[in-house]
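Me: I have a model open and want to go through it piece by piece. Can you take some questions?

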Amino acid sequence: MQHTDLPFFVKTTIILTILISIIGVVNESLIAKNNFQSLVDGEIRNIEQSIRTDFSSLSKHLLSLSESPNLLTYISTPTPEAQTTAAEEFLNLARNNPRYDQIRYIDKDGTEKIRLDNEALSPQIAPNNLLQDKSTRYYVTDTLQLNKGEIYIFLHLIWKLTTKLSSFN
C-alpha cells in the first residue's frame, strides 16, 4: 500500500510545484506590468509637461509679436520703413529661437506682408516680390474667425512635426 501512495505523493507534489510556479510567474508578470505601466505613465506626464511648456513659450512669443508696437505701427501705417522695423523683430525672435522655420505677418485679406524663412539656422526676411497670397489656406481662414487674443494651434506632420500658431489682432 505504501508503494502506491508514493506515486500519488510525487504526482501531487509535482502538480503543486507547477501551480506554485505558475502563480509565481503570473505574480511576477503582474508586477512587471505594473512597473512598466508606471514608467509609461511617468513618461506620458513628462511629455505632457514638455508640450505645455513649449506651447506656453510659443504662445508668449506669438502674443508678444502680435502686440509689438513696431508691428502695430506697420499695420496702421504700412510704409517700407515700418515694414523693415517690424521685420527686425521677426529676425530677433528667430535668432533667439532657431526652432522657428517661418514667422509671418499675414494681413486680414490673407496676404503675407512680412515673412521670415529660417533655413539652415540662417533667418532671412523674404523680399516683397516673394510674399504670397495665403487667403485660402486653412490656418488663415480659421485664424480670421478668432477673437482678439485667441490663439489657433494646428499640428501637422509630414517630414517633421510642424506647429502652426496664429493670432488675430
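Me: How many residues sit between E2 and E3 in their hairpin, and which residue in the turn has a positive phi?
Reply: This is a predicted model, so take the values as computed from it. The E2-E3 hairpin has two residues between the strands. Ala 120 in the turn has a positive phi of about 55 degrees.

Me: And where is Leu 121?
Reply: Leu 121 is in the loop between E2 and E3.

Me: Buried or exposed, that Leu 121?
Reply: Exposed: the relative accessible area of Leu 121 is 65%, and the cut-off for exposed is over 50%.

Me: How far is Leu 121 from Tyr 100 in space?
Reply: The C-alpha atoms of Leu 121 and Tyr 100 are 9.2 Å apart, with 21 residues of separation in sequence.

Me: Back to the strands. In which sense do E2 and E3 pair, and over how many bridges?
Reply: Antiparallel, over four bridges, with E2 covering residues 112-119. Among the facing pairs, Glu 119 stands opposite Ser 122 in E3, Asn 118 is opposite Pro 123, and Asp 117 is opposite Gln 124.

Me: What about E1 and E2, over how many bridges do they pair?
Reply: E1 and E2 are antiparallel too, paired over five bridges. Tyr 105 has Ile 114 in E2 as its bridge partner. The hairpin of E1 and E2 has five residues between the strands, and Gly 110 there has a positive phi near 90 degrees.

Me: What is the strand order in the sheet?
Reply: E1-E2-E3, in an open antiparallel sheet of three strands. The edges are E1 (102-106) and E3 (122-125), each of which pairs on one side only. On average, neighbouring strands are turned by 10 degrees against each other, direction ignored.

Me: What holds strands of a sheet together in general?
Reply: Strands pair through backbone hydrogen bonds, in a parallel or antiparallel arrangement.

Me: Which helix lies across E1, E2 and E3?
Reply: Helix H3, residues 80-96, lies across E1, E2 and E3 and runs at about 30 degrees to E2.

Me: How many residues of E2 are buried?
Reply: Six of the eight residues in E2 are buried, so by the under 20% cut-off the strand is mostly covered.

Me: Switching to charges. How many salt bridges are there?
Reply: The count is five. One of them joins Arg 115 and Glu 112, at 2.8 Å from N to O.

Me: Are those two buried or exposed?
Reply: Arg 115 is buried at 7% relative accessibility, and Glu 112 is buried at 2%.

Me: Which residues are linked with them in a network?
Reply: Arg 104, Glu 112, Arg 115 and Asp 117 form a network of salt bridges. Asp 117 is the residue that stands opposite Gln 124 in E3.

Me: Which residue does Lys 113 meet in a salt bridge?
Reply: Lys 113 meets Asp 107, with 3.8 Å from N to O. Lys 113 is partly exposed at 28% relative accessible area, whereas Asp 107 is buried at 13%.

Me: And Glu 48, what does that one meet?
Reply: Glu 48 and Arg 52 meet in a salt bridge at 3.9 Å, N to O. Both are in helix H1 and four residues apart, so about one helical turn separates them. Glu 48 is partly exposed, at 39% relative accessible area.

Me: Last topic, the whole protein. How many helices and strands?
Reply: Four helices and five strands. From the N terminus, the elements run α-α-α-β-β-β-α-β-β.

Me: What share of the residues is buried, and what is the accessible surface?
Reply: Of the 169 residues, 25% count as buried. The accessible surface is about 12200 Å², and 60% of that belongs to carbon and sulfur atoms.

Me: What share of contacts comes from residues 24 or more positions apart?
Reply: Among contacts with a separation of 6 or more, residues 24 or more positions apart account for 42%.

Methods. Residues numbered from 1 in each chain as written. Predicted model: local features only at pLDDT ≥ 70, side-chain atom pairs only at ≥ 80, totals over all residues. Heavy atoms only, no water. Pairing = 2+ DSSP bridges. Axes fitted to C-alpha atoms, helices over the stretch in contact; angles between N-to-C directions. Contact = heavy atoms within 4.5 Å. Salt bridge = Lys/Arg side-chain N within 4 Å of Asp/Glu carboxyl O. Buried < 20%, exposed > 50% of the residue type's maximum accessible area, 1.4 Å probe, protein only. Areas by Shrake-Rupley, 256 points an atom, 1.4 Å probe, with all protein chains shown as cover.
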